[in-house]
Amino acid sequence: MNKIIGLEIHIELATESKMFCSCPADHFGKKPNSQTCPICLGLPGALPFANQAAVEKIIKLGLALECEINTFSKFDRKHYFYPDLPKGYQISQYDLPFCQNGKFTVPGTKKDIRIKRVHLEEDTGKLVHAKVEGREVSLVDFNRSGVALVEIVTEPDFKSIETVIVFLKEIQLLVRYLGISDADMEKGSMRLEANLSLSDSQKLPDYKVELKNINSFRFLEKALQIEFKRQAKLLKMGKKVVQETRGYNEKTDKTFSQRSKEEEEDYRYFPEPDIPPVVITQEEINKLKTQIPELAPAKRRKFEKKYKLSGHFVQILTQDLARAEFFEEAVKLAADQIPTKKIADVMINQKLDEEFETPAKLVKKLLLVNRRETASEDLVKATVEKVLQENSQAVEDFKSGKTQALGFLIGQVQRTLKGRGVPQEIKKALLSRLEK
Ligand code: ZN
Ligand code: MN
């Protein structure tokens, strides 16, 4: 049986204000219902307006995912009933999302996952189940209602659970590199859904099960494993797998049926009449393109090839754009006076990039340490003397015009000094003796 998996990833954008009003978007840990207004409370007559910063952020993401950007895009109403959705519909995008038809490479492979679409919508409120005066109640906190939410939908291109997890971690890293979200799973700013089915051919079967609202990579991994087992067992017995939405209970380590999956028509999509379509010019898109930093895959290649770092060092330093840039700046400032490996080493093993707030300060410190450890002029001279005596052949070679003998002698001196000499100084000392 072949596994077939597709993903839907929701990511809250790190904008100042919400998607369709000017309430603050940063809702985590705030006093319930302290950041609301008639628009995000869905009160009758309130008029939403689109947040430009959110549109710019989703387009950057779309460009990084090699999507086509729709220069004419619009919002639509997606209807469903749930207590955390006061309007009875979510403002989302239906047939004209900002970005579509992209692809993203799974790191460490040449495999591309096709990106079907990337659209912009609003987040919902949050239900809080609590006990008030001895009664079990469900309360609604609307601070999250209307926060800008991006949804990335992939084609069902995954054939293994491992690939899914590697891909998702890379998406998280991408979003952080772009600076458009902290993509923190624990805070719920990145949430995962997977569609999965089993097939005995390469064709898509006539059903899929949707695993909803999973908030950690590990839980998704477990939920997928368990769900594939459940489906395989049913199919083996000749039964049909019901198309539905299932949740995952990490305590029982089981998936459970939540509801039969809505069909598209159940949502009764129609264009949002209160928000005009969004028109973006190619010029604006090009400008956003220039704001995209060098991304993780390119950074990894560079750290390996240009800075000659080991896989482990590359992995750690490129995991965080600020850190990667700190390293590169330090290497530039050190200008060959400190080996790149040394800079990487003090950042990773001594966390000196946390101690020194700028690369310049770190480099200054390392140069000072270097100087203290550097062999004195007298020691260099004495070592040169010793090496010349022990290597008369090389001395003769040099005198008969074989200039490469000099490199060998520098190497010998440096070796005797256990690397504490400055190559330029050794060379000078050697030449002044040899040319006498
Ligand atoms: Zn509001
Ligand atoms: Mn959605």
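**Ground rules.** This is a predicted model, where local features need pLDDT of at least 70 and side-chain atom pairs count only at pLDDT 80 or more, while totals for chains, interfaces and linings use all residues. Residues are numbered from 1 along each chain as its sequence is written, chains are lettered from A and ligands numbered from 1 in the order in which they are written, and side-chain values use heavy atoms, with hydrogens and water left out.

**Metal.** I looked up the manganese ion (ligand 2). His10 (NE2), Glu121 (OE) and Glu151 (OE) coordinate it at 2.0 to 2.2 Å. Donors are N, O and S atoms within 2.8 Å of the metal (3.2 Å for Na, K and Ca); water is not among the atoms, so sites may look incomplete. Both His10 and Glu121 are buried.

**Salt bridges.** I count a side-chain nitrogen of Lys or Arg within 4 Å of a carboxyl oxygen of Asp or Glu. The structure holds 30. In one of them, Asp157 meets Arg114 at 2.7 Å, N to O. Asp157 is buried, at 11% relative accessibility. Next I checked Arg246 and Glu244, whose side chains meet at 2.5 Å, N to O. Arg246 is buried at 9%, and Glu244 is buried at 9%. I also noted a salt-bridge network that links Glu12, Asp123, Arg144 and Arg191.

Methods: Buried < 20%, exposed > 50% of the residue type's maximum accessible area, 1.4 Å probe, protein only.
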